[in-house]
Amino acid sequence: QVQLVESGGGLVQPGGSLRLSCAVAGSAFSIAAIDWFRQAPGQQREAVAHITSGGSPTYAGSVKGRFTISRDNAKNTVYLQMNSLKPEDSGVYYCRASVPNTSGRDARFWGQGTQVTVSS
């Protein structure tokens, strides 16, 4: 079983920065790909950033150049550094772990989310 706990959300002014953390409990962290998603009220959940087990990142076009995803395998933690924040970045941010297994389909686990509000 894999458990994820997000932290680091809060209220920030436009142009400001936040760093989100996703702490992952369980022995599968090193082989898991991790995604950050966000969901604004009345909107569908959207993918924001992805990092492979090997540390290769990819980003949604709307955050490229402003957000950075990274992982610390020694701490079983993935980070999302968010700079130059905009009001449209507001929402609940979730992390998700995708763990390969013998069935051929990844097992997926979600955290409970952390609120980010960008407002003056």
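Student: Why is Ser 84 called partly exposed?
Tutor: Buried means under 20% relative accessible area and exposed means over 50%, with partly exposed in between (1.4 Å probe, protein chains only). Ser 84 has a relative accessible area of 40%, so it is partly exposed. This is a predicted model, in which local features need pLDDT of at least 70 and side-chain atom pairs count only at pLDDT 80 or more, while totals for chains, interfaces and linings use all residues. Residues are numbered from 1 along each chain as its sequence is written, and side-chain values use heavy atoms, with hydrogens and water left out.

Student: Where does Ser 84 lie?
Tutor: Ser 84 is in the loop between S8 and strand S9 (91–99). Strands (E, at least two residues) and helices (H or I, at least four) are DSSP runs, numbered from the N terminus. The phi of Ser 84 is near 50°, a positive value in a residue other than glycine.

Student: What makes Asn 76 partly exposed?
Tutor: Its relative accessible area is 23%, which falls in the partly exposed range, so the term applies. Asn 76 sits in the loop between strand S7 (67–72) and strand S8 (77–82). Phi of Asn 76 is near 50° as well, again positive in a residue other than glycine.

Student: How do you know that S1 and S3 pair?
Tutor: Two strands pair if DSSP finds at least two bridges between them. Strand S1 (residues 3–7) and strand S3 (residues 18–25) have five bridges, in the antiparallel sense. Leu 4 stands opposite Val 24 in S3, and Gln 3 has Ala 25 of S3 as its bridge partner.

Student: How many bridges join S3 to S8?
Tutor: Six bridges join them, and the two strands run antiparallel. Ser 21 stands opposite Tyr 79 in S8.

Student: Which order do the strands of the open sheet follow?
Tutor: Four strands are arranged as S1-S3-S8-S7, with antiparallel pairing. S1 and S7 each have a single partner strand, so one side of each has no neighbour in the sheet; that places them at the edges. Neighbouring strands of this sheet are turned by 15° against each other on average, direction ignored. For such angles, axes are lines fitted to C-alpha atoms, for helices over the stretch in contact, and angles run from 0 to 180 degrees between N-to-C directions.

Student: What makes a set of residues a nonpolar core?
Tutor: The members are buried Ala, Val, Leu, Ile, Met, Phe, Trp, Tyr and Cys residues joined through side-chain atoms within 4.5 Å. The largest core here has 30 residues, of which Ile 34, Trp 36, Leu 80, Met 82 and Tyr 93 touch the most other members. At least two residues of this core come from each of S3, strand S4 (33–39), strand S5 (46–51), S7, S8, S9 and strand S11 (114–118). In soluble globular proteins, nonpolar side chains tend to be buried together.

Student: Why does Thr 114 count as buried?
Tutor: Thr 114 has 11% relative accessibility, which is below the cut-off for buried, so it counts as such. Thr 114 belongs to strand S11. Among the residues that Thr 114 touches, leaving aside those up to four places away in sequence, are Glu 6, Leu 20 and Tyr 93; contact means heavy atoms within 4.5 Å.

Student: How do you know that Asp 35 and Arg 96 form a salt bridge?
Tutor: A salt bridge is a side-chain nitrogen of Lys or Arg within 4 Å of a carboxyl oxygen of Asp or Glu. For Asp 35 and Arg 96 the N to O distance is 3.4 Å, which meets that limit. Asp 35 is in strand S4 and Arg 96 in strand S9, so the pair ties together parts 61 residues apart in sequence. Asp 35, at 8% relative accessibility, counts as buried, and Arg 96 is buried at 12%.

Student: Which residues form salt bridges with Arg 38?
Tutor: Glu 46 is one of the partners, the closest N and O atoms being 2.7 Å apart, and Asp 89 is another at 2.9 Å. Arg 38 in strand S4 and Asp 89 in the loop between S8 and S9 are 51 residues apart. Salt bridges that share partners join Arg 38, Glu 46, Arg 66 and Asp 89 into one network.
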